[in-house]
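Got your viewer open and ready? Let's hop through a few selections, one stop at a time.

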Amino acid sequence: MLKAVKVRIYPTIVQQAYLAKAFGCVRWVWNQSLAIITATYQETGKGVTAMTIKKSIPLWKTDNEWLSECYSQCLQQSVLNLGVAFGNFFDGRAMYPTFKKRQGKQSIQYPQNVKVLSNCEIKFPGSLGTVNAKVHRDIEGKVKTVTVSKNPDGRYFASMLVDDGIECPESSSEGNVIGIDLGLTDFAVTSEGSKYQHPKATKKHEKNLARKQKKLARKKDKTTNNRRKAKLAVAKVHSKTKRVREDFLHKLSRKIVDKNQVVVVENLAVRNMVKNHCLAKSISDAGWGIFCTMLKYKAEMVGKVYLEIGRFFASTHLCSNTLKPLPKMDLSVREFDCPHCGNRHDRDINAAINIKNEGLRLLTLGTSVIAPEGYVRPKQYGRKSTTVVAVVVEGRSLRHTGTTLDGG
């Protein structure tokens, strides 16, 4: 089973200078390759394979001697990564690859020959050498690829892909099942009645961010050192906001996966929801997509089931007791009296219970909702959503992995 471990590294001044050159070389190879592929397709209507581009790297080194300062396998890996980006584009999971810029996050990838010497040192091939690091957990298994990155706030990280040699556990649906309704008033409401408030990281730091951005806007000369410092201050606020959000999502997703065997959530079209300019900021701050991704990989690592139901399932407009349709309610209505069973329901808990029941139905029948006649699902960009269904047939446990109608 492949696992990723991200650790903080502390390169010296000389190593930082080398990494800056390496980032530039890899970025140049990516942009050059993308320009060749795009121009070739526009002129001939045919694509260019990654292997063909890789053969051009020695010629580029002849014309640009500074490319030789970068480790050769990092340049080759940049071309291979571009091939993966085009594969994601043709599969409908991502947009068309774009050119990389000097601003923002920078990264290079070492495909092999990286060794973790101790809890405080990592040895890289080439001129980078041994870099001080803070390895916060034991690396068990073979280190395959390592991606060295620099964030806009100036911090360096190494993300190691490790093969621990352990088979991925078989999925089992025997155990507690929980349904989760994601929202804005409460970040997550479970079918058990628990409610979790999201930290609203952007709102907490928006005043500080606005103050730092005003200082940056006053620095008209883009070549001065003061403007560089102001830009770094803005990047640190953004980094703080991101860390607060990810800390909350990691802790909540781990808590839910540890306590339940089957996790059922609703597949949300976040890309379409953010088009509402009144709610776009709050939806982006919530991080629903990242949260679902965390639930998915954490559940699969321990043999649990992560299930997404269709986004068109009327979880809010069904009574969880009678499963009869409810009249349309305004978003301001958080509790209502059911006209069918006469009970008073909490809107979000009722939706979470319906999501759980729909997940149980899918687990039992192994089917998804049938699309209306003439319905064609539009092409999706972003996380590819799969449904893992475990069905028991004649005493045998069958594991089916398929793509849901609404999940992409």
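Select N260 and show what surrounds it: leaving out residues up to four places away in sequence, N260 touches N176, I178, E192 and K304 (contact means heavy atoms within 4.5 Å). N260 has a relative accessible area of 5%, so it is buried (under 20% with a 1.4 Å probe, protein chains only).

A word on the source: this is a predicted model, with local features needing pLDDT of at least 70 and side-chain atom pairs pLDDT 80 or more, while totals for chains, interfaces and linings use all residues. Numbering starts from 1 along each chain as its sequence is written, and side-chain values use heavy atoms, leaving out hydrogens and water.

N260 sits in the loop between α6 and β11 (helices are DSSP runs of H or I, at least four residues, and strands of E, at least two, numbered from the N terminus). Pick V262 and you'll find its bridge partner in β12, V305.

Now colour β12, residues 305–309: five of its five residues are buried. V305, L307 and I309 point one way, Y306 and E308 the other.

How values were computed. Buried < 20%, exposed > 50% of the residue type's maximum accessible area, 1.4 Å probe, protein only. Pairing = 2+ DSSP bridges.
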